Each structure stands twice: as structure tokens, then as C-alpha cells.
Amino acid sequence: MQPQFSKAEAANAPEGAIIHDDATAKWFLISSVAYFFIVGIIAVIIAAKFVWPDLMGTMSWLTYGRLRPLHVNGMLFGWLLAADMGLAYYVIPRLCGVKLWSEKLGLATAALWNVIILGAVVTLLAGLNQGWEYAELPWYLDILVVVAWIMFGINIFMTVANRKYQAMYVTIWYTMGCILWTAFVYLTGNFATLFATGTNQANLNWMYVHNAVGLIFTPIGLAIAYYFIPRASNTPLHSHKLSMVGFWSLAFVYVWTGAHHMLHGPISQWLQTIAIAFSLMLLIPVWAVVYNLFATMKGQWHQLRESVPLKFLMSGVVFYLLTCFQGPMHSLRTVNAIVSKTDWIPGHAHMAVLGCFSFFAIAGTYYAVPRIWNKALHSDSLANWSYWMLMIGGLGFFTTLWLGGFWQGWQWNNVSIPFIDTVIALKPIWIVRFVSGLMMFTGIVLFAYNILATALGNPEEAAV
Amino acid sequence: MFKKADNNALWAIGLSLVLFFIGGIITTVVPPLVDTSWSKPFENRDAAKGPTGKLVPLNDLQKKGRAIYVREGCWYCHTQQIRTLLADTKRYGWRGVDAPISTPDEFVYDDPHMFGTKRTGPDLARVGGKYDTQWHRTHFRNPRDLVKGSIMPAYPWIVANPEEFSAMVAYLQTLGRSKDWRPANDYEK
């Protein structure tokens with residue numbers, strides 16, 4: 001493989017090496033890290049509102065109902081998807097052995113993406129909410145999302161089409177899969193729903209909600225993990241064949257499971273049963289991926305002590321395993337009757353989006369940013385602190401919500417307990433969630449500061 | 001077949017879309033064609049077949065109230081579905097009468113649907129007629145004045161706006177009323 005360098009390293013590069021511009025990756029990464037921090041503030045506020053419901057409650061645009069969609073959309077699209085896209089702009093040209101097809105198009109995509117996120121902040125705070133989870137943004141912003149996604153897709157696909165190495169590494173498949181599936185999943189959740197009502201619309205909505213995680217964040221998150229785990233540990237991937245099993249079973253299995261969000265609800269029983277069966281089959285792609293990534297690290301675990309990206313990556317893999325064990329289990333009717341609609345669900349969702357996919361994106365950012373700017377990371381010790389704050393805060397958050405959610409579900413199933421008593425009982429759980437949330441937020445601040453200080457600070461010695 | 005996708009990008013694209021569309025079509029396009037109750041408004045005149053009643057579309061005032069429900073994000077904390085669980089039919093019943101299970105034909109006019117996914121507060125699928133206007137006025141002004149320990153936000157700006165408040169209450173009183181599930185004069189409007 002030919003040596004590849006970022007533009008910043010060009011001076012030291014041997015002749016014939018590919019010099020990557022990385023301008024698009026830079027803009028995506030910097031803006032996503034900034035949103036991670038800003039939306040983190042919103043996250044802490046809404047966690048506090050569970051404990052102090054009157055907090056900032058005198059203005060309509062600061063109520064829970066307005067801030068929650070901003071938190072969800074801001075984290076999903078402002079931080080996570082943008083960071084994933086930024087990393088794809090960094091990774092794909094390197095795997096293809098060519099430059100990104102068009103940095104100009106990439107920069108335009110980054111600008112458009114920021115317009116969308118800022119538009120989202122204004123419209124959501126104003127209460128312009130379409131009323132569908134994950135698809136709250138008004139239709140004119142949805143159209144901009146589609147345009148930006150097509151621009152992203154063209155750039156990646158043209159880079160792949162021009163690639164120098166014929167064989168495509170698994171990261172390339174996952175990225176291409178993500179781009180294609182997202183296109184259809186997003187159209188279903190944001191446009192097809194416009195032409196349906198009631199149960200039919202809910203079914204389309206949950207197909208989108210479920211696959212936003214399963215066919216958008218999972219493939220691009222795994223693309224990142226598959227690239228950065230071998231890179232950061234300097235170890236070849238354990239098995240190419242196993243990565244194929246994981247990819248193709250994901251492609252087939254995931255899309256069937258949307259109706260498990262409506263188990264026991266007003267939707268056809270046969271559809272619920274299909275969703276349950278396919279939810280159980282999700283164990284196949286998940287365990288294939290997890291085994292492959294663990295086996296890659298065999299004999300290399302000591303590297304975790306020294307490397308912050310590896311710490312985040314491998315913790316992310318563990319959380320992936322746990323989340324995707326919970327998912328199939330609570331789609332079983334008996335378990336679902338207890339945990340559905342309780343606080344268990346945000347515990348589960350945060351482990352997927354924060355514990356797994358955000359950890360992957362954070363690891364990729366920690367790895368890529370010093371190399372793109374050709375500077376040493378601002379502070380290794382701060383990076384370590386950011387890991388432990390996110391890890392301990394995250395664990396506190398997930399475990400208390402699972403326990404609290406289970407407990408809440410049991411109380412609901414005892415109809416002699418008045419509903420309000422089940423609310424009051426959860427107060428200690430929400431206090432722990434708020435404190436863990438503060439720890440996680442501290443981790444986010446340290447991460448964001450470290451990355452921005454690296455990118456914007458004075459150039460020091462070159463990164464190794 | 002799968003091996004070929006290793007080196008051939010077009011093949012990989014085609015295959016991943018084909019696999020995706022099998023499940024995609026069977027779970028989104030097919031169900032409403034097979035289950036006609038998804039699009040046929042509820043109507044039952046025969047008491048032997050369960051609760052009688054008829055689903056009617058909302059009037060303008062109720063629609064306005066529903067838009068406020070959507071705008072304020074009430075649906076992030078309140079579901080609107082009585083599931084096929086005793087825990088739901090008993091808990092959300094009223095004065096000893098169990099709430100009937102929600103069926104797709106009761107939601108045919110719902111756009112956007114408000115089924116919800118989280119119950120930070122109680123389910124509202126059958127709340128229509130349970131509380132009167134004065135109760136809602138006090139409750140929206142500050143929920144903790146009526147329900148000690150509640151964590152629902154206060155909505156003084158809705159109460160202060162008579163037009164919005166009456167629309168909101170008008171909408172809430174429709175919830176779950178297409179099925180006539182309670183003794184005739186048990187509604188507290």
C-alpha cells in the first residue's frame with residue numbers, strides 16, 4: 001500500500017505519496033464536536049427537569065416538550081451523524097488509495113449541514129414539530145437533509161468508483177450500505193408518512209425510528225470501528241469472511257423489526273410476531289461483528305492502557321454487544337410487558353447511541369484530528385479523563401435507568417398502585433441520572449476542548 | 001454471490017438494496033393492504049360484539065387543540081394506546097369499568113399519530129370525559145396544585161389564552177370516546 005499523508009504532512013512526504021486535503025473532514029469534525037458540547041447543555045437541562053419540574057418552566061420554548069426533540073435531533077444529526085460523515089470523508093479516500101472525489105462538493109455539504117442544524121434549533125424551539133419521533137423537523141428542512149445526503153453519497157460513491165485497490169475493505173461496504181439504506185429509510189420516515197394516517201403512519205414512523213439506529217448509525221458506526229480498531233492497534237482484522245456474514249445478515253434482517261415498538265399495541269399481531277422473530281435474528285449480525293472485533297484484539301489488549309481511541313473503541317464494542325442483547329430480549333412479549341414505555345427504554349437508547357456509536361465516533365475523532373492537522377493531541381491526560389467521565393457517567397446512567405425502568409414496569413403491572421406513586425418512587429433514579437448526566441457532560445466538555453485546542457492551537461511536534 | 005460483492009461495487013450496491021427491500025416491502029407496504037382495519041373507521045352498533053360507537057373526525061376546535069398537543073410535545077411523555085395487557089385495561093379504566101383495548105380503526109383520522117413510546121405520565125387513550133374543564137384549568141396552570149409529586153411542566157400560557165385552552169380541553173375530551181365504554185351519563189363535561 002502506498003503511504004498516504006494529510007496535506008499538513010506534505011512537507012515530509014516521500015515522492016509519489018498521496019496527499020489528502022481533508023478540508024471536508026475538518027469542517028464536519030469541528031462542527032460536530034461543537035454541537036456535541038452545545039446539545040450536551042440541553043441534555044443536562046432536561047435531565048434536571050425530571051428532578052426539578054419547575055426549572056426554567058415559565059417560557060414555552062424552554063419546556064421539556066420543546067427541548068427534548070432538540071436534544072434528540074441535535075445529538076443524532078448535529079453531533080453523531082455529522083461526526084460519522086466527517087470520519088467517512090477521512091477514511092474512504094485512504095481505503096481507496098485516491099483523493100476525495102471533490103473537496104468543493106464536500107465543503108458545500110458541510111455548509112448545508114450546518115444550515116440544517118441551525119434551522120432545526122430555531123424551528124424546534126418555536127414548536128414547529130411534525131409530531132413524529134426522530135422526524136420532528138419540518139418538511140423544508142427534510143428536503144435539505146435529502147439534498148445534503150445525495151451530495152455526501154455522490155462524493156463517496158465517486159471516490160469508491162475511482163479507487164485504486166479493487167478489493168473493497170469492509171468499511172467501504174458499510175459506508176455504501178449506510179448511504180443507500182439511509183436514503184430509503186429517511187424517505188419512509190419523513191415523506192411517506194405524509195400520505196398515511198393512524199396505525200399505517202405509525203408503522204412507517206417506527207420502521208424509520210428503528211432503522212435510523214439500525215441502518216444509519218449501525219452501518220456507519222461499524223464502518224468506523226472496522227477501520228479504526230485495526231488502525232489504532234496496528235493489528236490486521238481477524239476474519240474477512242466473518243465481516244461478510246455480519247454485513248449481509250444486517251442488510252437482510254434489520255428492516256423487518258420496526259413493529260416491535262408497538263408490541264401489545266393497536267397493530268396487527270402477525271406483524272408483531274414477524275418483528276419479534278427478526279429482532280431475535282439480530283443476534284447473528286451483532287455477534288459476528290463483536291466476535292470479529294474481539295478476536296482482532298486477541299493478544300493486543302495491553303494496548304488499551306496507552307491508547308485512548310482503543311479504550312473508546314473496545315468499550316463501544318462491549319456496549320454494542322449489551323445493547324443488541326437487550327434489544328432482542330425486550331422485544332419478547334413477556335419482557336416487553338414489563339419494560340415497554342418505562343425508563344428502561346431511554347437507558348437502552350442511550351447505551352446504543354452514546355455508549356456504542358458515539359464512543360466509536362469519539363475514538364475516530366481522537367485518532368484522526370491530530371493526523372489531519374499534523375499536530376500532537378493537545379493533552380493525553382485530558383483525553384483519558386474524558387474517557388473515564390463518559391464511561392462512569394454512562395454506566396451510572398444506563399444501569400440506574402434499567403433498574404428504575406424494570407421497577408417502574410412492575411409497579412405499573414400492579415394496578416392497586418396509583419400512577420402518581422410510581423412517579424414519586426422514581427425520583428431517586430432521576431437524581432442519579434442527573435448526576436451521571438453531569439459526569440457525561442464533563443467528559444464531553446473535556447473531549448470537545450481537547451479536540452478544538454488541538455485543531456486551533458499552536459502547532460507543536462508532529463503526531464506519530 | 002456475496003464474494004463477487006467484494007470487488008464489484010455495483011454488485012454490492014444491488015445486493016444490499018435487494019436484501020433490504022424484501023423486508024422493507026413486506027413490513028411497510030403489505031400490512032395496510034392485508035389489514036383493512038387500519039384504514040376503516042371504527043363503527044359498531046351491535047353491543048354483543050363489544051363496545052358500540054362510531055369514530056368521527058375532529059371538528060375545527062378539537063383539531064386546533066390537537067395541534068397544540070403536537071406542538072408542546074405532550075406525546076413525549078403520554079402514550080395514547082390501551083395495550084392488550086390487564087395492566088393497561090385495568091389501570092386506565094374508570095370507576096370500576098375496564099378501558100377497552102385500543103384498535104387500529106379508532107385512529108384512522110390521526111395525523112400525526114400520537115401513540116407515543118414513553119409513559120413519564122399516564123396513558124391518555126381513554127382520558128376523554130374523565131376530568132372537567134375546571135380540573136384541566138387548574139392542572140395546566142400548575143399540575144402540582146392537584147397532583148402532589150407530579151413532574152409535568154406547568155403551562156400557564158395555555159391557560160392564559162382562552163382560545164388555546166378551550167381548544168386543548170375540547171381535544172382531550174374526545175380521546176377514546178369513539179368507543180362508548182362507560183355507563184351513559186358518566187362523562188363529566
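This is a predicted model: local features need pLDDT of at least 70, side-chain atom pairs count only at pLDDT 80 or more; totals for chains, interfaces and linings use all residues.
Residues are numbered from 1 along each chain as its sequence is written, and chains are lettered from A in the order in which they are written. Local features need pLDDT of at least 70, side-chain atom pairs count only at pLDDT 80 or more, and totals for interfaces use all residues.

**Exercise 1.** Determine the extent of the interface between chain B and chain A.

*Solution.* Begin with contacts (heavy atoms within 4.5 Å): 71 residues of chain B touch 84 residues of chain A. Next, take the buried area, the accessible area (1.4 Å probe) that two parts lose on being put together, summed over both. The two chains bury about 6500 Å², with 65% of it on carbon and sulfur atoms. Finally, within chain B, the residues that lose the most area to chain A are Phe20(B), Tyr76(B) and Arg91(B), together 12% of what that side buries.

**Exercise 2.** Identify a salt bridge between chain B and chain A.

*Solution.* Apply the criterion: a side-chain nitrogen of Lys or Arg within 4 Å of a carboxyl oxygen of Asp or Glu. The count between the chains is three. One of these salt bridges joins the side chains of Glu72(B) and Arg66(A), at 3.0 Å from N to O.

**Exercise 3.** State the domain assignment of chain B and the separation of the domain centres.

*Solution.* The bounds, from an automatic or database domain assignment, are 4-34 for domain 1 and 58-172 for domain 2 of chain B. Taken over C-alpha atoms, the centres of these two domains are 39 Å apart.

Conventions:
Side-chain values use heavy atoms; hydrogens and water are left out.
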